[in-house]
Amino acid sequence: MPPHASRRTLLTAAAMVAVTAAGAASAALGTPSTPDDARSPEGPPGRRPDRARLARFVDRMSLDEKVGQLFVSRAYGHSATDPDPADAEQNQTLFGVRTAAELVARYHLGGIVYFSWAHNTRTPHQIAALSVALQQAALTSGARIPLLLSTDQEHGAVARIGAPATLLPGAMALGAGGSTADALRAARVAGAELAALGIRQDYAPVADVNVNPANPVIGVRSFGSDPHAVAALVAAQVRGYQGAGVAATAKHFPGHGDTETDSHVGLPVMRHTRAVWEELDEPPFRAAVKAGVDAVMTAHIVFPALDPSGDPATLSRPIVTGILRERLGFQGVVVTDALDMAGVRQKYGDDRVPVLALLAGCDQLLNPPDLGLAYRSVLAAVEAGELTEARIDESVLRILELKSRRGLFDEAYTTTEAVDATVGIRRHRDAADQIAAGTTTLLANPRGLVPIDATSGPRLLVTGTDPASPTGTTGPPTAVLARELTALGCRATAVPPARAVAAAAGHAAVLVCTYNVPEEDNPQRRLVTDLIASGVPVILLAVRNPYDPARLPACAAELATYSWTDVEMRAAARVLTGAARPAGRLPVPVPGRYPLGHGLTR
């Protein structure tokens, strides 16, 4: 049996086992009705969410089951029941169980978050089989509630699922395109593919307004620096994801766009005044709420103007309840950013963080570093009276409403057919290229070098930084760019930076890919300087943050792609050769060089 057929057989078999275990009538798509109808919160499949019925279901749950619903944990392995030995050992060490399925059953988890580094996201059929088996584990244990499976699939610089799934332009590229229709289309494609994989919550879109070129963690993950433009694109993506059946998650509230510390490794401080926050950071989140976003993710940042206590926003009742719930009127699920990040662990211990997050008004507790400790701490807080069970019930009800709204009580499982009909199909790949075509930004072209006349087969040298692929399935960007230029009629060769200066002579131009060039002297600056001195025209491509030109000598032409993934390299090659006109406009200013909205058309 060929490998593809084997994967198909395994997935179909897993889905049928899951459906049978859950007591469903159909083997094509499982329905999470339970053998005991009294335990089913939604009744017959297809019924619209009924808050009163869900509330009665919550009343019948044990405290252990309720607390479990609050947690979304990582789990290691490509399989829910048969992980590789190293992943089984990791699960045993961290969680006291060997498999993800056992983890779900032990803690009555509300969700699992997928990571490539946890080996959850190898291939589309493997991901779908993992999703089916995890749902089976949830629907045959405890309260028999379907999981909300999630991941960070922002596209661009942050993606957990790679090719052959469709990879789309990221947020700042969409900001450069400026089309809400394209933003919605991108999210709809992304959401459809996630849903086919069994993933029903995406931690996207990013609603942060990036106004700080030195921001080490947001940058191109933001749509830009104009709060109203960002708001429109955020709202469009919310509609796109949720129109495809996937819960969108606007992040990182109350705004992470003007920080100089990465909250993964430290505790950032936002210095905006309340007035500046209302003008700059609030609009995208307000737009997301108005668009009906299912979830909002909190930021591990201190925001003194909003809460002078020094607590990170994730643990701040004035921010989560006072602003997000009461000022913005958000009634959906509030999910913490990952609780294993340094930003939320500096002031309080890992036993206190989940309790304080719930007291602040959060609902989902994402990826605590020690799940057992966090789970026991919440139970202990209820038993001690610090948290009331009624407070737990509020969050559980919101989570169940989200699951119901996204159809999980009707169709918890995916199928092989859904994967084959949706993930990485030609129509989606074509959509990605069409959207990317409007994003590449021509920043400078003083000598009219762009477009390059490809009809004469010019010799081009491609060099520069080759950052690792976000998913491990694309790139390297210099090789991809050279390949695409050659396909368009040029004779392009990619060489490493160490050989570029010596190899430059005799080429019509040298194309240099740069990646987040620092302000101080650095190898990228020296490479560009030496190539300019060679006398061969140099074309600069900033393949991540568009601020690079301000930190480098002026080149014969300068472009921004906002990502180094294949879809953006293809779009850049078409602009460089005149196969497409440059249409992108800077969604952020480049200090000292280019204003917001700058972009040449030739």
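How many positive and how many negative side chains does the protein chain have, and how far apart do the centres of the two sets lie? There are 56 positive and 59 negative side chains, with the two centres 5 Å apart. Lys and Arg count as positive and Asp and Glu as negative, while His and the chain ends are not counted. Each charge is placed at NZ of Lys, CZ of Arg, CG of Asp or CD of Glu.

The model is predicted: local features need pLDDT of at least 70, side-chain atom pairs count only at pLDDT 80 or more, and totals for chains, interfaces and linings use all residues. Residues are numbered from 1 along each chain as its sequence is written, and side-chain values use heavy atoms, with hydrogens and water left out.

The protein chain holds 20 helices and 14 strands. These are DSSP runs numbered from the N terminus (helices: H or I, at least four residues; strands: E, at least two). For 602 residues, a compact globule would have a radius of gyration near 25 Å, and the 25 Å of the protein chain agrees with this. That radius is taken over C-alpha atoms, and the globule rule is 2.2 Å times the number of residues to the power 0.38.

Of the 602 residues, 62% are buried. Buried means under 20% relative accessible area, exposed over 50%, and partly exposed in between (1.4 Å probe, protein chains only). In soluble globular proteins, nonpolar side chains tend to be buried together. A nonpolar core is a set of buried Ala, Val, Leu, Ile, Met, Phe, Trp, Tyr and Cys residues joined through side-chain atoms within 4.5 Å. The largest one here has 130 residues, and Phe71, Leu134 and Val378 have the most contacts inside it. Helix α8 (residues 180–196) gives the most to this core, with eight residues. Another core, of 40 residues, lies apart from it and includes Val462 and Ala573.

Some backbone details remain. Most residues other than glycine have a negative phi, and most peptide bonds are trans. Phenylalanine 253 and proline 254 are joined by a cis peptide bond, with omega about 10°; proline 254 lies in the loop between β5 (249–253) and α10 (274–290). Tyrosine 562 is not a glycine, yet its phi is positive, about 70°. Tyrosine 562 sits in the loop between β14 (557–560) and α20 (566–577), and is buried, with a relative accessible area of 2%.
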